[in-house]
Amino acid sequence: MFSKPINIIYILCVAVMLGSCSGAKLKTADEQMARGEYFEASKTYRKIYNKLKPREQRAERAEVAFKMAECHRLLGQDARAAAAYQNALRYGYPDSSIVLRLAQALHGQGQYAQAIKSYEEYLEKFPSDPLAERSLAGARKAAEIRKNKTRHVVRNATLFNSRRSDFAPMFNGGILYFTTTNEKVKGTGRSEITGMKRGDIWMARKDEQGVWQRPEPVEGELNSEWDEGICSFSPDGSTMYLTRAIRKPGADTGTELYTSTRSDAQWSAPVKFEVIPDTLSSYGHPAVSPSGEWLYFSSDMPGTGGKDIWRINLRERAGSLENLGEAINTPGDEVFPYMLTDSIMYFSSDGHPGLGGLDLFKATLTPSGGWLVENMGSPMNSEGDDFGITFADPSHEGGYFSSNRGDGRGYDHLYSFDLPDLKVTISGWVVDKDDEPVPGAVIRIVGNDGSNQKAMARNDGSFSFPLERGVSYVMLAGAKGYLNARQQFTSDTAEEDAEYGIDFVLASVHKPNIVENIFYDFDKATLRPESCLALDSIAQMLRDNPNITIEMASHTDRHGSDEYNIGLSQRRAASVVDYLIAAGIPADRLQAQGYGESRPKTVTKRINKRYPQLPEGQVLDEAFIETLEPEDQEAADQVNRRTEFQVLTTDYEMY
């Protein structure tokens, strides 16, 4: 009764006037239809249709089938509507608009290929119809929207849902209010529009442990035998704006805005809120702006077509009424506004391109005063009607909305939604040059977004930081007895969880540190081009540690005379120092030393991982190497041919 479009409040009393045929029952059905009593009218049309003869009364069958389809359409029953439209076409219904209606019903079932065909057929006859063009665009884009789902997690809020329609949730503080047509509502009568009981406003609270409790009726005089629902609240939570429909026999069904005030836990009897002195239009779906200045609502007042979203200034009232314009409103229906902030609005529409029926849209007010409208995508939207959204916390995208997805009867149900925070992290290890963990290392990370974080490596040398997407970071790791090491990193802009890895290798202050990947021409001191990357990293290390001086040492293997190896290694160490000076490092921070073969390397854990045949802790002197197989001798010689640096002082000051 209350949901889109199976209730009077939701549909805002759309009166569809159709031509009448002879017969008392048809006249009765037409009058029911005109008054918005779609449920009762559909039953009457069905009885008439079944009595008409398929061959002799084709024209009458076509007309009744079309009117019956319109009832089902307005009740949100797309499958029944599509079947009735197809019957009307089969019997030769003359109005070409039926093809558009059929396309919309197929669209609302997710039958996009058939819907596209019908939209195209209609547009061949009416090529400038803006509603058909937008709907066709939505049907064509639907497969892409459904395939490229957003990260929203949507679940049926079973605790709040009954066997009838429950919809239009709205938070007021920590209490969730919503509209229900369950069998326990206050009134005893059933709606001629939907066949369900007339709606009431119910609420749900959390207990002390933060667990939602079962819903219960709102206390006070708010609910009555009539339809009440779809509410919003003033910023202080003491005034409720709601939609109400009072059924008057023999008159068209309309909806109006009302207010109710809270005293303690009681809500007062509703008082009519006069928008303008207009008895022909319907008003519903109120939404108060967070500032309390504006009341947004939906109405069928003359505008861009269908139902439009309007607003009125609650402080000025007179003369402040305004239509939100064509960026928001279309020839279709725009309903259920919700103001997250004074510049971000959510609403539902069947006029903007979407998946079918009503889709949820986000509209952002631009600096120029216009609106940027975005479809919220799947799974927030479905081929059914998705509407009536509310947020639990404006700072986080999570809350509730209503939808009739998957319900062939057109009943609406509440769904929770949540957009989980992106989990973008960077983690890694801090180790020394021998691949041993450096516990207690301090890692700092500074982003170009102004962020500044600090963490300490665990006992195993591991660390982890949360990151933001699309931010460039500079990371610096250091520990007592070690030199600082710098890394730079830019996180991806993709909207998805990601984990990045980066390691820091810290050089010891107290022992020699091997520099990997420094290469010389054979039997010469000339540096080869592929050495530049390693040498540049040494230069950067010296910039990151401006108070140290170092000795650059070169070592040879056991081949050749001692005198020759000392000379070769000295020249090679000098080549490295010359490169660093050319890179901007002061000469008085550098000392070159060639050791020839006089300091054979002791096998470390790192070397052992690379060469398992060389035992950890073994000194690679000539006596040991000669005990090895020839290929292992070459490996040992390669380890001994190395370039290292050793920290000499840590109190250098540049004058």
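Visitor: What makes a space in this predicted model a cavity and not a pocket?

Guide: A cavity is a set of points where a 1.4 Å probe fits but cannot get out, whereas a pocket is an open set. By that rule, two cavities of 30 Å³ or more are found in the structure.

Visitor: How do you know that the largest cavity belongs in that count?

Guide: The largest cavity holds about 80 Å³ of space. The count takes cavities of 30 Å³ or more, so the largest cavity, at about 80 Å³, is part of it.

Visitor: What makes a residue part of the lining of the largest cavity?

Guide: A lining residue has an atom within 4 Å of a point. A168, P169, M170, I230, C231, P286, F336, P337, Y338, G388 and I389 therefore line the largest cavity. Two or more of the lining residues come from each of β2 (166-172), β6 (227-233), β15 (334-339) and β19 (386-393).

Visitor: Why is one residue in the lining of the largest cavity called polar?

Guide: The lining has ten nonpolar residues, one polar and no charged.

Visitor: Which residues are closest to the centre of the second largest pocket?

Guide: That pocket has a volume of about 890 Å³. Of its 36 lining residues, T150, H152, E397, L419 and E495 are the closest to the centre.

Notes. Residues are numbered from 1 along each chain as its sequence is written. This is a predicted model: local features need pLDDT of at least 70, side-chain atom pairs count only at pLDDT 80 or more; totals for chains, interfaces and linings use all residues. Side-chain values use heavy atoms; hydrogens and water are left out. On a 1 Å grid over the protein atoms alone, a cavity is a set of points where a 1.4 Å probe fits but cannot get out, and a pocket is an open set with protein on both sides within 12 Å along at least five of seven lines; lining residues have an atom within 4 Å of a point. Grid points are joined across faces, edges and corners, and a volume is the space filled by probe spheres set on the points. Helices (H or I, at least four residues) and strands (E, at least two) are DSSP runs, numbered from the N terminus. Ala, Val, Leu, Ile, Met, Phe, Trp, Tyr, Cys and Pro count as nonpolar, Asp, Glu, Lys and Arg as charged, and the others, Gly among them, as polar.
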